[in-house]
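Hi,

Here is the structure I promised to pass on.

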Amino acid sequence: MLARAAGHADRAVALLHPLVEAHPLREPLRALLMLALHDAGRTAEALTEYVRARQLLVAELGAEPGAVLRAAHAEVLRFEEPDTDEPRSPPVVTPAQLPAALTRLIGRGDSIAALDESLSSLADGPLTWVVSGPAGVGKSALAVQWTRGVAERFPDGQLFVGLRGFDPGGTPLSTTEALHSLLAGLGVPAEQTPQQLDALTGLYRSLLSGRRMLVLLDNARDAAQVAPLLPTSPGCLAVVTSRHELSALAVTHAARALPLALLDDAAARSLFAARLDERRLAAEPAAVGEILAHCGGLPLALAVSSARVATRADASLADLAAELGESSLDVLTLGHPTTDVRAVLSWSVDALSAEAARVFVLIGLHPGPEVGVAALASMAGGSLRESRAAVAELARANLVTVRRPGRIVLHDLVSAHAAELAETELTPEEREAARSRLVDHLLHSAVGATRTIFVTPLPFEPAPPTAGVTPETFADVEEGNDWLAAELSTLIQVTALAARSEAMHTRAWQLARTLNGYLWDRCRFADMVRLHELALAATQAAGDRAGEADTRHGLGEGLVGMEDFDQGGAELLCSLGLFGDLGDRVGESDVHCSLGRLFEAAGSPREALQHTEAALEIYREIGDRSGEAVALNNIGWLHGSLGDFETSLAYCRQSLELYRRHRDLTGQSYALDSVARAYLGLGDVRRAITMYAEAGEIARTLGHRYNHAENLTHLGDALHAVGDLDAARHAWAEALEVFTEVGHARAEAVRTRLQLVDDPTAR
């Protein structure tokens with residue numbers, strides 16, 4: 001490549017683009033384009049080219065990229081500049097997500113040796129291990145301890161995802177959700193991730209390619225769930241744990257199998273004795289034998305029993321063994337009938353204080369993968385201090401693990417036992433009351449969190465929290481965002497829980513509606529649709545037409561976000577009719593605005609203008625100044641789309657004034673972008689640049705990445721108009737990175753802008 005070798009990277013890109021388009025499967029050409037883009041300072045586009053190439057090769061040839069393309073990708077991802085000793089910033093973060101090794105590993109020497117020996121093969125390709133065995137056999141403990149011991153061999157990072165394959169609530173993590181988690185660990189914000197599984201997988205594997213990374217995937221349900229999560233690049237290690245052997249992965253990914261058996265007698269005794277005084281054990285060997293017989297060589301049962309014995313130093317082991325025998329119930333289905341796990345767990349729970357035992361039972365009603373201590377306090381109807389004390393006691397008894405401050409996780413067998421106790425020890429009324437307090441807690445907390453982010457009020461005010469519920473509070477937008485990100489999976493499951501209860505159907509649709517803005521801003525349209533489908537079923541079952549109207553509105557918006565304009569339009573029109581029948585003018589005006597956005601996205605600005613003007617008329621009629629600001633801005637934007645920039649400027653400036661009067665920063669960002677567009681259309685380019693920059697800074701500060709990308713695109717247009725090509729290129733490249741990662745159609749338009757600015761003949 002003479003142009004690249006001579007230092008003319010931009011010229012090389014201009015020459016290579018048409019060649020790659022003409023010969024899309026020629027990997028050497030694509031590799032040269034990637035390197036030229038990288039040399040030109042356009043690394044994000046270079047990585048995008050790799051993702052596009054991989055997707056095309058897999059679709060057309062059923063093959064992964066070859067050595068030449070992988071080598072180019074590795075060069076783009078190198079952390080060192082070629083001509084300097086100074087380190088270069090990595091394109092992604094270096095995660096260190098492995099959980100703490102909390103359990104002493106005993107009796108697994110042969111397994112560790114096999115794992116260690118396999119590392120020598122990493123240079124030849126990716127390495128995948130499947131650690132399998134019955135629940136409680138210590139799969140996760142082995143995987144965590146070993147991966148932590150070899151983590152230094154993977155300097156580019158270690159990722160962890162709990163797949164919840166055998167979650168007692170029956171809700172395994174979807175492959176899409178797992179990829180979102182992995183990409184977040186690699187530094188890709190949730191709002192920048194694609195919606196489609198193929199695009200998610202492509203981006204994930206692209207970011208891992210050329211790096212030495214370790215991925216621990218815990219508690220997998222089946223091979224289909226885990227296959228897209230496995231690295232495919234040499235130097236990467238994946239360790240998967242599952243109750244099943246996942247033999248299909250041996251065929252598709254050359255995975256190695258490591259089945260774990262129950263511990264032999266010597267190892268079981270060593271594990272049980274690890275926390276106890278040897279003299280105490282030696283004094284009562286028969287009692288120790290009884291306890292070990294109940295545990296049957298299962299590490300989970302041994303660990304829980306050991307913790308139980310250690311906390312009763314004043315009691316004889318014979319007495320404790322007798323208690324264990326008396327508490328025996330039928331055996332949990334583990335494939336090993338000698339292991340009475342339920343008896344061991346019951347024995348430990350019986351020894352808890354009354355408050356800790358009550359909290360443990362209530363945990364069995366919580367549907368989430370993690371349990372917030374504050375939510376537990378509301379479920380119990382008590383104070384946060386009491387809940388924290390109870391959780392500390394449960395942790396000492398080895399029944400829960402504190403994942404991070406204020407949040408706990410349970411082994412799935414322990415969680416299943418808690419759920420059984422909730423069914424047998426609580427009356428139906430007590431279970432319903434605790435679940436109701438949980439839903440109340442999360443609804444009011446979610447409302448508080450979203451209010452730190454958005455000024456526009458929700459179209460409802462939730463009923464006051466029931467007695468005993470203390471919602472969480474948030475000091476700023478960062479705290480609100482962090483809580484929503486941590487609780488999103490639980491919020492979706494709690495919405496499903498509420499949707500199944502006739503007494504809670506109103507809170508089901510209110511939960512879905514509360515999360516609308518948060519999910520829309522992060523392009524989580526599939527989650528929007530899922531939530532509102534749950535809520536819709538609840539409102540229809542209850543005959544709640546007002547709830548149905550609002551839910552169909554949110555469902556339509558989610559479908560429009562996914563560019564399903566036909567179905568989205570049908571839901572919005574149905575919502576409009578329902579609001580009209582109910583005489584709900586606010587609802588009607590809001591849906592007219594959404595229909596305006598649908599028709600604009602579908603390329604019909606005149607139809608969009610009709611709906612948005614109808615919305616403005618209603619907003620003014622009912623005195624809704626916030627809604628009026630939205631409609632004014634949208635009308636101004638649509639007039640600009642039709643080429644009437646004078647009218648556009650007049651409407652958008654009115655909108656900006658209203659937003660400023662109400663101190664709505666989100667609205668100001670929208671209106672500033674629209675005003676700038678009008679100025680650009682009128683030829684006042686310098687003023688447009690200033691306002692685009694101001695809009696972008698507000699969006700960046702608020703964490704609205706998608707809107708920031710739109711602002712950057714428009715800023716690039718204005719900079720290009722005044723001939724500042726370098727600044728325009730920089731703005732467009734940053735915007736392209738976001739649009740590509742979220743899989744948004746705007747990416748192609750921005751890519752075209754970059755091609756034009758980099759190709760002198762096109763300009």
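**What I found**

Going by sulfur atoms within 2.5 Å, the count of disulfides is zero. Keep in mind that this is a predicted model.

Five strands make an open sheet in the order E2-E3-E4-E1-E5, and the pairing is parallel. E2 (158-162) and E5 (256-259) are the edge strands; each has a single partner strand, so one side of each has no neighbour in the sheet. From one strand to the next, the twist averages 15°.

Inside the sheet, E3 (residues 214-220) and E4 (residues 237-242) run parallel and are joined by five bridges. Helix H8 (residues 175-185) lies across E2 and E3, and runs at about 150° to E2.

Leu237 also turns up in the largest nonpolar core, which has 164 residues. Along with Phe272, Phe360, Ile363 and Leu399, Leu237 is among those with the most contacts inside that core. Helix H23 (residues 477-499) gives the core its largest share, nine residues. If you zoom in on Leu399, and skip its neighbours within four places in sequence, its contacts include Val304, Leu345, Phe360, Leu394 and Val414. There is also a second, separate core of 31 residues, with Val130, Leu200, Tyr204 and Ala223 among them.

Cheers

Definitions and conventions: Residues are numbered from 1 along each chain as its sequence is written. This is a predicted model: local features need pLDDT of at least 70, side-chain atom pairs count only at pLDDT 80 or more; totals for chains, interfaces and linings use all residues. Side-chain values use heavy atoms; hydrogens and water are left out. Two strands pair if DSSP finds at least two bridges between them. Helices (H or I, at least four residues) and strands (E, at least two) are DSSP runs, numbered from the N terminus. Axes are lines fitted to C-alpha atoms, for helices over the stretch in contact, and angles run from 0 to 180 degrees between N-to-C directions. Contact means heavy atoms within 4.5 Å. A nonpolar core is a set of buried Ala, Val, Leu, Ile, Met, Phe, Trp, Tyr and Cys residues joined through side-chain atoms within 4.5 Å. Buried means under 20% relative accessible area, exposed over 50%, partly exposed in between (1.4 Å probe, protein chains only).
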